[in-house]
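I opened the notebook to look up surface patches, charges and the fold.

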Amino acid sequence: YQRRVRGPLGEPMTVKRRNHGRTKGRHRGHVNSIRCTNCGRFAPKDKAIKRFIVRNMVESAAVRDLQEASAIKTVTDPASPEGGYVLPKFYVKMQYCVSCAIHSRIVRVRSREDRRIRTPPQRGRRRM
């Protein structure tokens, strides 16, 4: 059963997106709201654009100074076999409303044909 969207005269209306811009399931009536990280606007949790940011706690310019001043050897790669101190990382979950995500270029406006492509875009490869 798919809900049909009708206009004021009973004619079928055009629908821009298959899921109406939300990832809410068919049998879920209400979802909690979240606050946009950028502007503070309330947005439904399933409509908000979510990004997880992982950054080093220490900026790259200060890492070398810390390594020279430290008595413990710091390791840049935590998977390396030699022991040492791994600098901690900063984990932040950013949640944006649609207008802030478009304005700050986190998501882009796509053409009508491209909107039908539901596969996620290829991630950028990490540089070595």
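Which residues make a nonpolar surface patch of about 350 Å²? I found Phe 52, Val 54 and Tyr 91. I noted the rule for patches: residues with over 30% relative accessible area and no salt bridge, with like charges joined within 9 Å and nonpolar side chains (Val, Leu, Ile, Met, Phe, Trp, Tyr) within 5 Å. Areas come from the Shrake-Rupley method with a 1.4 Å probe, and for residues only the protein chains shown count as cover.

Before going on, I wrote down the source: this is a predicted model, where local features need pLDDT of at least 70, side-chain atom pairs count only at pLDDT 80 or more, and totals for chains, interfaces and linings use all residues. Residues are numbered from 1 along each chain as its sequence is written, and side-chain values use heavy atoms, with hydrogens and water left out.

Entry: Phe 52. I placed Phe 52 in strand E3 (residues 49–56). Its relative accessibility is 56%, so I logged it as exposed. The classes are buried under 20% relative accessible area, exposed over 50%, and partly exposed in between (1.4 Å probe, protein chains only).

Entry: positive patch. I listed Lys 16, Arg 17, Lys 47, Arg 110, Arg 112 and Arg 116 as its members. Lys and Arg count as positive, Asp and Glu as negative; His and the chain ends are not counted. Each charge is placed at NZ of Lys, CZ of Arg, CG of Asp or CD of Glu. I then checked Arg 110, which sits in the segment after helix H2 (98–103). Arg 110 is partly exposed at 38% relative accessible area.

Entry: fold. I counted 2 helices and 6 strands, in the order β-β-β-α-β-β-β-α along the sequence. Helices (H or I, at least four residues) and strands (E, at least two) are DSSP runs, numbered from the N terminus. Of the chain's 128 residues, 14% count as buried.

Entry: salt bridge. I searched the whole structure and got 1. A salt bridge needs a side-chain nitrogen of Lys or Arg within 4 Å of a carboxyl oxygen of Asp or Glu. The pair is Arg 22 and Asp 46, at 3.2 Å, N to O. Arg 22 lies in the segment before strand E1 (33–35) and Asp 46 in the loop between E2 and E3, so the pair ties together parts 24 residues apart in sequence. Arg 22 is partly exposed at 24%, while Asp 46 is buried at 10%.

Which residues does Asp 46 touch, not counting those up to four places away in sequence? I noted Arg 22, Thr 23, Lys 24 and Val 31. Contact means heavy atoms within 4.5 Å.
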